[in-house]
Amino acid sequence: MDKNVERPILIVNFQESMIKQAFKESLSVQGSYYQVFTEGGAVVSSSAAADDSPAASRDWIRYAMSKGSGTEYININGQKMVVNFDRMDVTGWLSAVYIPYDNLLKTVPNMFAYTMYSMVIIIVLSIVLASLISGRITLPLKKLLRGINRIGEGNFNTRIESSGMPEVNVIIHKFNQMNDKIQTLIEENYETHLKEMEAELKALNFQFNPHFLYNTLNIINYLAIENKQALISNMLVELSEMLEYTAQAPGLVHFGEDVNYLKNYVFIMNHRFEGKFTVAYDIDPDLYRYTVPKFFLQPFIENALIHGLDEMEKGGEIHVAGRIESGLRIFSITDNGKGMPEETIRRVLETADDHGGFGKSIGITNVNQRIKLQYGHQYGVQIVSRRNKGTAVTIVLPLIGPE
């Protein structure tokens, strides 16, 4: 500008009360005060306490101006002060708050107490929350452990209610399923054992003292040989073998043993009925490598003789066959007897047909139930019959068992 031109003047008007009100909340520590400086170091505004208190040096004010804002520890007339300062962007002024360091330390115990109280509250809340969370996990696991202990004592009716975390509920659900399966297996095994015992008892009432029967039959056999009664001797031998087989332990037996028992029975019954029937066998030799339920063929031959061929004087035919097909063992017993109605077939397969006591044979129902219990409900006995045409019995077993 030309030297003769009048220089402009910038007049800034402000209400100092606004500045004092803004700094009022920053002077909570005893002995603290504030000052606002221009770029030249002149004091624009200050608190009442600043009038009697020393200010920072001009060198420090220039340093603070260059730095802009921050917090510094400075000594003013030998007193350590904490100074918070900041430079205003619009005016370029510097505002500074002076806090005596010793007075500031007096407020620390209160802050420490607040911190301790907060930590104690947080710890208590953490313990409570941890107990609740751990309880949702540990309590169901403790229930599960008690349930396992009860099962170990033989109480297989134990059930555990689902509770807690979803993952624990899955374990409890699987535990209950396993317990149900064990209970079912125990019941099925017990029922199988009962059926086997029933078969043993009904097969021969005189099994109570088999050694006595063996000795007695041997004596009779010697007498028959001495008197040259070959037929009687042969029948006694067959009966002895049947008694020996009957006295064996129940359960699964080799197929050949059950066939021998069947042939002994047919031999005796053939002489009893004086040759009015014949029995033909067509059995795959591979079947002899497997095991079968004990007494699983004889009841069907007996049923054919007593019921199917009872009205025939001669010409009765029974055919026993066995084969392996599609991974199954399939046995069939057919006769040319009078047959039986559908109602009788249903009753024979679904209800107990031999309540008469020890004198009766092993029932067809017993055989059918033992097969299903041993191998599964998809296996068992099927009967097809036509009046005056005959009856065909089919027994289906899986291709399993020791060879």
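This is a predicted model: local features need pLDDT of at least 70, side-chain atom pairs count only at pLDDT 80 or more; totals for chains, interfaces and linings use all residues.
## The mixed sheet

Five strands build an open sheet with mixed pairing, in the order β7-β9-β10-β12-β11. Strands here are DSSP runs of E with at least two residues, helices are runs of H or I with at least four, and both are numbered from the N terminus. Two strands count as paired if DSSP finds at least two bridges between them. At the edges lie β7 (277–283) and β11 (380–386), each of which pairs on one side only. On average, neighbouring strands of this sheet are turned by 15 degrees against each other, direction ignored.

Residues are numbered from 1 along each chain as its sequence is written, and side-chain values use heavy atoms, with hydrogens and water left out.

## Strand β10 and its partners

Strand β10 (residues 328–335) pairs with β9 (residues 316–325) in the antiparallel sense, over eight bridges. Glu325 stands opposite Leu328. Ala321 has Ser332 as its bridge partner. Two residues lie between the strands of this hairpin, and Ser326 takes a positive phi near 55 degrees.

β10 also runs antiparallel to β12 (residues 390–398), and eight bridges join them. Here Asp335 stands opposite Thr391.

## Helix α10

Which residues of α10 are buried? In this helix (residues 342–350), they include Thr344, Ile345, Val348 and Leu349. These four cover an arc of only 125 degrees around the axis, which puts them on the same side of α10. The arc is taken from the directions from the helix axis to the C-beta atoms. An α-helix has 3.6 residues a turn, so residues three or four places apart point the same way.

Glu342 and Glu350 are on the other side, and are exposed (over 50%; partly exposed is in between). The cover over the buried residues of α10 includes α11 (364–375) and β11. Contact means heavy atoms within 4.5 Å.

## The antiparallel sheet

Another open sheet has five strands in the order β2-β1-β5-β4-β3, with antiparallel pairing. Its edge strands are β2 (43–46) and β3 (69–76), each pairing on one side only. Neighbouring strands are turned by 25 degrees against each other on average, direction ignored.

β1 (residues 33–37) and β2 pair over three bridges. Val36 stands opposite Ser45 in β2.

Technical notes. Axes are lines fitted to C-alpha atoms, for helices over the stretch in contact, and angles run from 0 to 180 degrees between N-to-C directions. Buried means under 20% relative accessible area, exposed over 50%, partly exposed in between (1.4 Å probe, protein chains only).
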